[in-house]
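I opened the model to look up a few local features and wrote down what I found. The entries follow the order in which I looked.

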Amino acid sequence: MDLSFTKEELAFRDEVRSYLADNLPERISDAVRRGGELTKEMMEEWHAILQRKGWLATIWPKEYGGPGWTPVQKHIFEEECCRAYAPRIVPFGLSMLGPVLIRFGTEEQKAEILPRILDGTDWWCQGYSEPGAGSDLASLKTRAVRDGDEWVINGQKTWTTLGQHANKIFCLCRTDPDAKQQEGISFILVDLDTPGIEMRPIKLIEGGHEVNEVFFTDVRVPYGNLVGEENKGWTIAKYLLTHERTGIAGVGFSMQSLEEVKALARKVKRGGKRLIDDPLFAARIAQAEVDLEAMKITNLRMLFRAQEMGAPGPETSILKIKGTVIHQELKDLARRALGPVAAPFPGYLAEGNIMFGPDGTEHNAARYFNNRKTSIFGGSNEIQRNILSKAALEL
């Protein structure tokens, strides 16, 4: 595989850079750069800006409203967005449900739902994990029982990211309790305004409200909200998770973090010399950069394979493992570079306490602690290694 960009791809990169420079609001990029919490309005504004150009649903084919990009174009776009400190595109409707509907949905579901994802009418969230079913997702217990032309859903979902902003949720529900775990699950779409649904916030370690728990009590939804075949939802779940795990790798975001760590190491001094000149610290930065370059190449290989096969394969577990480990290492290096200045949380600063550190580092501790989750969600890294050993290595 030739990893050098063609003239056309370099021209596309210039086009992306120009569009970002002209259209990405500075207040939004500044919020991303500082690591602060983005509001719903900021995320929706950025989605609308991208959609005006036709660049929002990056992995959708043209016939459904996507740009029809090659894997290299998608890689370039994500890399340039990270360089410009653009917000991450909220993935649940665009990168998860959209591809699922394109592959498994009925024509009616595609016609009704896909345009509403693109224009921002619907904000989707994910109903997968449960208190007793996280990485062991197939043990989920939320039940959906058919009653005529409706499903009646009872159960609980947890770690529902950005659910407080959503008006829709796609859920994995057990529809045949007597079948084997993976064979009795269905993929069902639910309107969050339906009676019987309660969403409660979960406060994270750094103090933010990013995730929620959702309770379903005799929630009735139309039978037609089933995606794919009844009791065959596990196939859809795995298909969706390959897209999720590719996104979790966050190659562009790690490249951004690497540059931030290098810049910090050039500014911070220890014992009268720059931290970048400390052999041990420089060695850790170099190792992270080597690992990141290897992951970039692996990411491109898998994007090409996804284009040929129609979907990412189990090898995406490699990206999920390496991507999260590298990103956590970079956040740890930033924390170590700042030393005591990294300690306060934003709430501490808001109380009037003054800490002197490089500009834009006031949320460093929050970002460090928040990123501890990445090696757990989307299937823990331990589970990813099991997937690789069985599906990829056939052990």
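**Entry 1: serine 375**

I began with a side-chain contact: the side chain of serine 375 is in polar contact with the side chain of glutamine 328, at 3.1 Å. The model is predicted, so I kept in mind that side-chain atom pairs count only at pLDDT 80 or more. I then looked up where serine 375 sits, and found it in the loop between α12 (364-370) and α13 (381-392). Is serine 375 buried or exposed? Its relative accessibility is 17%, and because the cut-off for buried is under 20%, serine 375 counts as buried. Leaving out residues up to four places away in sequence, I listed what serine 375 touches: Lys320, Thr324, Gln328, Ser380 and Asn381.

**Entry 2: aromatic pairs**

I looked up the aromatic pairs next, and the structure holds 12. I noted the pair of phenylalanine 12 and tryptophan 69, which is edge-to-face, with 5.3 Å centre to centre and 70° between the planes. Which parts of the chain does this pair tie together? Phenylalanine 12 is in helix α1 (residues 7-23) and tryptophan 69 is in the loop between α3 (40-53) and α4 (71-83), so the pair ties together parts that are 57 residues apart in sequence. Tryptophan 69 also pairs with phenylalanine 77: the ring centres are 4.9 Å apart and the planes are at 50°, so this pair is tilted.

Phenylalanine 12 counts as buried at 7% relative accessibility. Tryptophan 69 counts as buried at 14%, and phenylalanine 77 counts as buried at 2%. I recorded one aromatic cluster formed by Phe12, Tyr19, Trp55, Trp69 and Phe77.

**Entry 3: strand β4**

I turned to strand β4, residues 168-174, and found it mostly covered, with 7 of its 7 residues buried. In a regular strand the side chains alternate between the two faces of the sheet.

Which way do the neighbouring strands run relative to β4? Strand β1 (residues 124-127) runs parallel to β4 and is joined to it by 4 bridges. In that pairing, tryptophan 124 stands opposite lysine 168 in β4. Strand β5 (residues 185-191) runs antiparallel to β4, with 7 bridges joining the two. There, leucine 172 stands opposite phenylalanine 187 in β5.

**Entry 4: charges over rings**

I looked up arginines placed over aromatic rings and kept two notes. The charged end of arginine 146 sits over the ring of tyrosine 223, 3.7 Å from the ring centre. The charged end of arginine 200 sits over the ring of phenylalanine 215, 4.1 Å from the ring centre.

**Entry 5: annotated domains**

Last, I compared the record with the model. An unreviewed UniProt entry places "domain: Acyl-CoA dehydrogenase/oxidase N-terminal" at residues 6-120. Over residues 6-120 I noted 69% helix and 0% strand, with the end C-alpha atoms 34 Å apart. The UniProt annotation "domain: Acyl-CoA oxidase/dehydrogenase middle", also from an unreviewed entry, covers residues 125-219. Over residues 125-219 I noted 0% helix and 51% strand, with the end C-alpha atoms 17 Å apart.

Terms used. Residues are numbered from 1 along each chain as its sequence is written. Side-chain values use heavy atoms; hydrogens and water are left out. Buried means under 20% relative accessible area, exposed over 50%, partly exposed in between (1.4 Å probe, protein chains only). Two strands pair if DSSP finds at least two bridges between them. UniProt positions are given in the numbering used here, feature names are shortened, and annotations may be inferred rather than shown by experiment. A polar contact is a pair of N or O atoms within 3.5 Å; within protein, one must be able to donate a hydrogen and the other to accept it, and residues adjacent in sequence count only if both atoms are side-chain atoms. Contact means heavy atoms within 4.5 Å. Rings of Phe, Tyr and Trp (its six-membered ring) pair if their centres lie within 6.5 Å; planes under 30 degrees apart count as stacked, over 60 as edge-to-face and the rest as tilted. A charge sits over a ring if NZ of Lys or CZ of Arg is within 6 Å of the ring centre and within 35 degrees of the ring normal.
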